[in-house]
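Please look over the structure below before reading on. The paragraphs that follow go through it part by part.

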Amino acid sequence: EVDVSNRQITVQENCGKDVVTIGASMSSAMGIPDWKIRVPKTVALDISIQAGNIQVADTEGRETRLRTAAGKVTAGNIKGSALILANEVRTGDIGGHAEIRGQGGRLQVGEVGGNADFYSTGGDINTGLVKGRVKADTGSGSIMIRESSGDMIVTTKEGDIVSDYVHGAFDGTTQSGNIRIEKIGSWVHAISKSGDVFFHLVPQMITNRSEEHTSELQS
C-alpha cells in the first residue's frame, strides 16, 4: 500500500515476479512529499531518495538498503544485512553484515551479527556488540564499540576511541583524543598524538593439539 501526501504526484508501480518497484517523477516546485509504504516484514527493502528522512519499522528481509542524499535514517531491528547512507543514522540490532556511511551526523547502531563498516565525514560512532570484525573511520568524533568478536581497525582525527572488549587484534589512531580498551585478546597498535592510551591484554586460551595440553598466555 502506497500513500503520498501530494495528490498531484503520479505514483509509478511495476510488479515483476520477485520485485515490486515504486517511484515517481516530480518538479522541485512541488517540494518534498511524505511517502507511506506498507509491506510485509519479510520483504527485502531498497529505498533511495534525493532528500528527506527515512523511517523504517522492524524488518526481516534478507537485505535492507536505505539511502538519502540529505536527511537521516531511523530504523528498528533489521534481521538481515544492511547498507545505510545518510547524514545521520540510528538503528536497532542488525542481524547480518552492516555498512553504515554518514555525512557529518552521529551513527548509532545496536548489535551487529556480522562484520561492520562505519564511515562518517564527522560525527560520533556508537555501537553495541559486533560479532565479526570492525572497521570505523570518522573525520571528527569519538568511536565507541562496546565489544568486537573479531579484529578492530578504527581511526578518528579528533575524538576518543573506547571499547570494553576486543577479542581480536586492535589497530587504532586518533589525532587528538584518548584510547581506552578494557580488554584485548590479541596484538595492539595504538597511536594518539594528543591523549592517553590504556589497554589490558587478556589473550585467549590456546590449545596445542600435538602436545594435547592447554596453556594460557599471561599478559
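A salt bridge is a side-chain nitrogen of Lys or Arg within 4 Å of a carboxyl oxygen of Asp or Glu. Side chains of opposite charge can pair when their charged atoms come close. The model shown here is predicted, and by this rule it has 10 salt bridges.

One of them joins Asp46 and Arg67, with 2.0 Å between the closest N and O atoms. The two partners come from distant parts of the chain: Asp46 belongs to strand E5 and Arg67 to strand E7, 21 residues apart. Asp46 counts as exposed because its relative accessibility is 52%, and exposed means over 50%. Arg67 has a relative accessibility of 24% and therefore counts as partly exposed.

Another salt bridge is formed by Asp117 and Arg133, whose closest N and O atoms are 3.4 Å apart. This pair also links distant parts of the chain, 16 residues apart: Asp117 lies in strand E13 (residues 116–120), and Arg133 lies in the loop between strand E14 (125–130) and strand E15 (134–138). Is Asp117 buried or exposed? Asp117 is buried, because its relative accessible area is 15% and buried means under 20%. Arg133, at 27%, is partly exposed.

Glu1 is exposed, with a relative accessible area of 64%, whereas Arg38 is partly exposed at 45%. Together with Asp3, these residues, Glu1 and Arg38, are linked in a network of salt bridges.

Now turn to the strands. In what order do the 9 strands of the open sheet run? The order is E5-E7-E9-E11-E13-E15-E17-E20-E22, and the pairing is parallel. Strand E5 (45–49) and strand E22 (188–192) are the edge strands, each pairing on one side only. From one strand to the next, the twist averages 5°.

Inside this order, strand E17 (residues 152–156) pairs with strand E20 (residues 170–174) in the parallel sense, over 5 bridges. Thr156 stands opposite Thr174 in E20.

Strand E11 (residues 98–102) contains Gly102. This residue is buried, as its relative accessible area is 3%. Gly102 touches Ala86, Asn87, Leu107, Tyr119, Ser120 and Thr121, leaving out residues up to four places away in sequence. Gly122 is 20 residues from Gly102 in sequence, and their C-alpha atoms are 7.8 Å apart in space.

Thr59 is placed in a loop, between strand E6 (54–56) and strand E7 (63–68). What is the relative accessible area of Thr59? The value is 5%, so Thr59 is buried. Apart from neighbours within four places in sequence, Thr59 is in contact with Lys41, Val43, Leu45, Thr64, Asn77, Ile78 and Lys79.

Val43 also has a part in a nonpolar surface patch of about 430 Å², which is made by Val11, Met26, Trp35, Ile37, Val39 and Val43. Among these residues is Trp35, placed in strand E4 (residues 35–37). Trp35 counts as partly exposed because its relative accessibility is 31%.

Key
Residues are numbered from 1 along each chain as its sequence is written. This is a predicted model: local features need pLDDT of at least 70, side-chain atom pairs count only at pLDDT 80 or more; totals for chains, interfaces and linings use all residues. Side-chain values use heavy atoms; hydrogens and water are left out. Patches are made of residues with over 30% relative accessible area and no salt bridge: like charges are joined within 9 Å, nonpolar side chains (Val, Leu, Ile, Met, Phe, Trp, Tyr) within 5 Å. Accessible areas come from the Shrake-Rupley method with a 1.4 Å probe; for residues, only the protein chains shown count as cover. Helices (H or I, at least four residues) and strands (E, at least two) are DSSP runs, numbered from the N terminus. Buried means under 20% relative accessible area, exposed over 50%, partly exposed in between (1.4 Å probe, protein chains only). Contact means heavy atoms within 4.5 Å. Two strands pair if DSSP finds at least two bridges between them. Axes are lines fitted to C-alpha atoms, for helices over the stretch in contact, and angles run from 0 to 180 degrees between N-to-C directions.
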